[in-house]
Amino acid sequence: MLGTTKAFSGFSVDDTEAAKKFYGETLGIRVTEEHGLLTLHLGGGTTVLVYPKGAAHVPATFTILNFPVEDIDKAVDELTAQGVRFERYDGMHQDARGVARGEGPPIAWFTDPAGNILSVLQM
């Protein structure tokens with residue numbers, strides 16, 4: 001029944017203006033706003049809905065968006081220059097940049113202003 005619909009994903013934030021600035025300016029994603037909701041326009045025609053929850057927002061405890069990159073070191077350096085701080089996780093071997101290497105593709109995690117977890121991973 002729903003197999004032919006154009007489904008999309010979404011997640012909440014506590015401050016849509018901060019999210020709009022972060023996703024649009026820091027990450028360079030095209031962001032549109034309608035009815036108080038944000039839409040992230042990602043590569044390949046993918047869209048993601050970002051909706052406000054205010055004080056009721058609880059950050060996701062898992063990675064909500066993965067951004068594939070060709071060169072993870074370059075991506076991490078460019079994001080760091082934009083003020084992005086990469087996360088460190090106990091028990092996870094990560095290099096000085098915060099990149100985990102060895103099991104699966106090289107990956108590094110960071111958060112949006114609402115605390116939701118994002119990643120860049122070399123594909």
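A: A polar contact here is a pair of N or O atoms within 3.5 Å; within protein, one atom must be able to donate a hydrogen and the other to accept it, and residues adjacent in sequence count only if both atoms are side-chain atoms. The model is predicted, with local features requiring pLDDT of at least 70 and side-chain atom pairs pLDDT 80 or more, while totals for chains, interfaces and linings use all residues. Residues are numbered from 1 along each chain as its sequence is written, and side-chain values use heavy atoms, with hydrogens and water left out.

N116 is located in the loop between β7 (104-111) and β8 (117-122), where helices (H or I, at least four residues) and strands (E, at least two) are DSSP runs numbered from the N terminus. With a relative accessibility of 2%, N116 counts as buried; buried means under 20% relative accessible area, exposed over 50%, and partly exposed in between (1.4 Å probe, protein chains only). If neighbours within four places in sequence are set aside, N116 is in contact (heavy atoms within 4.5 Å) with F11, S12, V13, H57, P59, A60, I64, F110 and T111.

In one of them, four strands form an open sheet in the order β1-β4-β3-β2, with mixed pairing; two strands pair if DSSP finds at least two bridges between them. Its edge strands, each pairing on one side only, are β1 (9-13) and β2 (30-34), and neighbouring strands of this sheet are turned by 25° against each other on average, direction ignored. Such angles run from 0 to 180 degrees between N-to-C directions of lines fitted to C-alpha atoms, for helices over the stretch in contact. Strands β2 and β3 (residues 37-41) pair in the antiparallel sense over five bridges, and R30 has H41 in β3 as its bridge partner. Helix α1 (residues 16-26) packs on this sheet, touching β1, β2, β3 and β4 (47-52), and its direction makes about 155° with that of β2.

The other sheet is also open and has four strands, in the order β5-β8-β7-β6 with mixed pairing. Here β5 and β6 are the edge strands, each pairing on one side only, and the twist averages 20° from one strand to the next. Strands β5 and β8 pair in the parallel sense over six bridges, and T63 stands opposite I117 in β8.

Helix α2 (residues 72-81) has I72, A75, V76 and L79 as its buried residues. They cover an arc of only 95° around the axis, which puts them on the same side of α2; the arc is that of the directions from the helix axis to the C-beta atoms. These buried residues of α2 pack against β5 (63-69), β6 (100-102), β7 and β8. At the N-terminal end, D71 caps α2, with a side-chain oxygen lying 3.1 Å from the backbone nitrogen of D73, and after α2 comes G83, whose phi is positive, near 95°.

Rings of Phe, Tyr and Trp (its six-membered ring) pair if their centres lie within 6.5 Å; planes under 30 degrees apart count as stacked, over 60 as edge-to-face and the rest as tilted. The structure holds four such pairs, among them the edge-to-face pair of F22 and Y23, at 5.2 Å centre to centre and 85° between the planes. F22 is buried, with a relative accessible area of 10%, and Y23 is buried as well, at 0%. Y89 and W109 also make an edge-to-face pair, because their ring centres are 5.5 Å apart and their planes are at 80°. Since Y89 lies in the loop between α2 and β6 while W109 is in strand β7, the pair ties together parts that are 20 residues apart in sequence. Y89 is partly exposed, with a relative accessible area of 29%, whereas W109 is buried at 12%.
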